Amino acid sequence: MTSTPSGEAAEEKTASSGETAEQKTASAGGAAEEKPASLRSNHDFRLWWGGTMLSAIGDELTAVALPLIVLLITDSPLHAGLVGSVESIPPLLLSLPLGMLVDRISRRAVMIAASLLSAASIVTVPIAYLMDGLSLPQLYVVAFVNSLAATAYRIADTAALPGITGPHKLGEAASQSETIFGTSALIAPPLAGLMFETMSPAAPFLLDALSFVAIAAAILAIRSRLGPEGSPEPLRWRRELTAGMRITARLPLVRTLTLLTTVGDFLFAGIGLLLIVLAKESGASGFEVGAVFTAAGVGSLLGAALAPRIEVGLGLRTAVVGKHWLTALLFPLLLVDLPGWGIGLVWGLVALQVAVLNVIQMKYLMSQVHSDQLGRVQGFMTFLSKSSLPLGYALTGLLLDRWGARGTVLFFEAVLLCLAVYALLGRGLRASHVTRREGAGSGAPDDQPLLSRRGSER
């Protein structure tokens with residue numbers, strides 16, 4: 001890729017960089033050969049994995065413990081809900097500028113600074129609680145600051161990953177990333193509740209703060225260059241803030257996968273509420289309702305583990321199209337008067353399919369977008385994902401109120417069928433040059449990133 005003199009086509013792929021395609025591929029292959037053949041033997045990836053796991057668990061611990069401690073000191077569900085609302089502000093307002101920042105300065109510095117900022121913020125909670133000085137305004141500030149730091153960390157984390165794994169292991173790395181967040185979602189909430197009740201309300205926050213210090217140490221010990229490369233051009237706010245959207249729009253495969261995942265995020269934002277209503281209508285106990293969500297977590301973990309094999313075995317287009325048609329075929333089963341375990345089984349299978357798509361989307365995001373542009377694109381993805389959640393949840397509540405559980409399931413099914421038809425007929429997957437790979441780690445074109453830009457193209 002190269003920059004025009006005016007800089008107006010900075011994100012467009014061109015062939016005027018002075019290198020042939022063969023030279024570029026050889027260059028990328030040479031860089032990949034410097035990385036260990038296995039992620040398990042990759043020292044930097046093990047550090048990244050540990051840091052990301054700690055970060056995910058810490059986020060989940062705080063997500064559960066924060067409203068609990070608000071209820072403890074105020075006995076107000078309203079304030080507990082408002083603290084959660086405050087946590088949603090940074091991703092909505094700041095993900096785009098944070099993505100721009102990640103593409104302009106050291107990603108290592110962003111990740112370390114975000115970890116230490118989270119640690120400094122979170123540790124004030126147990127200190128204030130043990131000194132009987134904890135206040136509601138402090139918890140609002142902690143919620144905002146911690147969410148800001150978490151947003152910055154995750155954008156930088158994704159942008160830095162290709163430099164750690166090399167281009168031939170992005171699919172496996174995406175699978176590991178999805179596994180990390182699925183695992184943390186399973187183990188952290190009950191752990192937070194257990195620590196809160198049996199040890200001290202301060203305990204989850206203290207553990208969380210210590211985990212962020214460990215994360216900073218792990219990131220500091222990574223030897224790989226985490227980017228970005230080159231020197232940034234003079235800052236142009238409007239163009240930089242919209243760069244992620246433009247880059248996504250110009251890459252047919254990334255655009256198609258982004259549309260599919262974004263609509264899915266919007267649709268399933270309130271799925272928990274729908275499943276609870278369905279389970280209660282079927283006479284499920286509280287334990288069975290909880291088991292429904294446990295089944296979803298297990299399905300997500302299986303999907304994350306199987307996604308690379310599914311894509312390699314079936315090919316990209318078949319895997320994505322098959323996912324959407326299987327989901328559309330499974331979802332109407334919720335119209336049947338299923339027992340609690342049956343609802344859990346259906347949703348677990350759907351969650352497996354969702355995890356497969358998430359892994360594929362992340363892999364091709366990292367492989368199709370140049371590393372120096374990943375921050376802005378990931379910032380745009382974060383904005384899309386986070387903005388869809390409150391709207392989707394509100395829509396589910398409205399549908400349940402107006403049409404009931406069965407009417408809501410029918411609405412969901414109509415949208416799922418539209419997504420399945422789009423995946424089948426849309427040009428983004430049909431026209432893509434990405435086809436079935438001959439073998440894992442083969443360095444086939446589908447696993448290659450867009451090659452390095454000359455100079456400081458941004």
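Rings of Phe, Tyr and Trp (its six-membered ring) form an aromatic pair if their centres lie within 6.5 Å; planes under 30 degrees apart count as stacked, over 60 as edge-to-face and the rest as tilted. In the structure described here, Phe268, Phe331, Trp347 and Phe412 form one aromatic cluster. The structure is a predicted model, in which local features need pLDDT of at least 70 and side-chain atom pairs count only at pLDDT 80 or more, while totals for chains, interfaces and linings use all residues. Residues are numbered from 1 along each chain as its sequence is written, and side-chain values use heavy atoms, with hydrogens and water left out.

The protein has 17 helices and 0 strands. Both are DSSP runs numbered from the N terminus: helices are H or I, of at least four residues, and strands are E, of at least two. Buried residues make up 51% of the 458 residues. Buried means under 20% relative accessible area, exposed means over 50%, and partly exposed lies in between (1.4 Å probe, protein chains only). Contact means heavy atoms within 4.5 Å. Among contacts between residues at least 6 apart in sequence, 86% join residues at least 24 apart.

The search of the whole structure finds 6 aromatic pairs. In one of them, the ring centres of Phe268 and Phe331 are 6.0 Å apart and the planes stand at 35 degrees, so the pair is tilted. Phe268 is in the loop between α11 (252–267) and α12 (271–281), and Phe331 is in the loop between α14 (316–330) and α15. Phe268 is buried at 14% relative accessibility. Phe331 is buried too, at 0%. Phe331 also pairs with Phe412, and this pair is stacked, with 5.8 Å from centre to centre and 15 degrees between the planes. Phe412 lies in helix α16, so the pair ties the loop between α14 and α15 to a part 81 residues away in sequence. Phe412 is buried, with a relative accessible area of 1%.

The nonpolar side chains were examined next. In soluble globular proteins, nonpolar side chains tend to be buried together. A nonpolar core is a set of buried Ala, Val, Leu, Ile, Met, Phe, Trp, Tyr and Cys residues joined through side-chain atoms within 4.5 Å. The largest core has 82 residues, of which Ile69, Val320 and Ile360 touch the most other members. Helix α7 (residues 136–165) gives the most to this core, with 13 residues. The core draws at least three residues from each of domain 1 (41–227) and domain 2 (240–433); these bounds come from an automatic or database domain assignment. Val320 is in contact with Leu257, Leu260, Leu357, Ile360 and Leu429, leaving aside its neighbours within four places in sequence. Another core lies apart, with 27 residues, among them Leu275, Leu278, Val292 and Ala296.

Helix α9 (residues 203–221) has 19 residues. Its span is 28 Å from first C-alpha to last, close to the expected 27 Å. The expected span is 1.5 Å times one less than the number of residues. Among the buried residues of α9 are Phe205, Phe212, Ile215 and Ile219. The buried residues of this helix pack against α2, α5 (107–122), α6 (124–130), α7 and α8 (170–198).

Charged pairs were also counted. A salt bridge is a side-chain nitrogen of Lys or Arg within 4 Å of a carboxyl oxygen of Asp or Glu. By this rule the count is 6. Arg154 and Asp59 form one of these, at 2.9 Å from N to O. Arg154 lies in helix α7 and Asp59 in helix α2 (residues 43–74), so the bridge ties together parts 95 residues apart in sequence. Arg154 is partly exposed, at 32% relative accessible area, whereas Asp59 is buried, at 14%.

Glu240 forms a salt bridge with Arg376, with the closest N and O atoms 3.4 Å apart. Glu240 is in helix α10 (residues 237–250) and Arg376 in helix α16 (residues 374–425), 136 residues apart. Both residues are buried. Asp103, Arg107, Glu240 and Arg376 are linked in a network of salt bridges. Lys363 and Glu311 also meet in a salt bridge, at 3.0 Å from N to O. Lys363 is in helix α15 (residues 340–368) and Glu311 in helix α13 (residues 286–314), 52 residues apart. Lys363 is buried at 1% relative accessibility, and Glu311 is buried at 5%.
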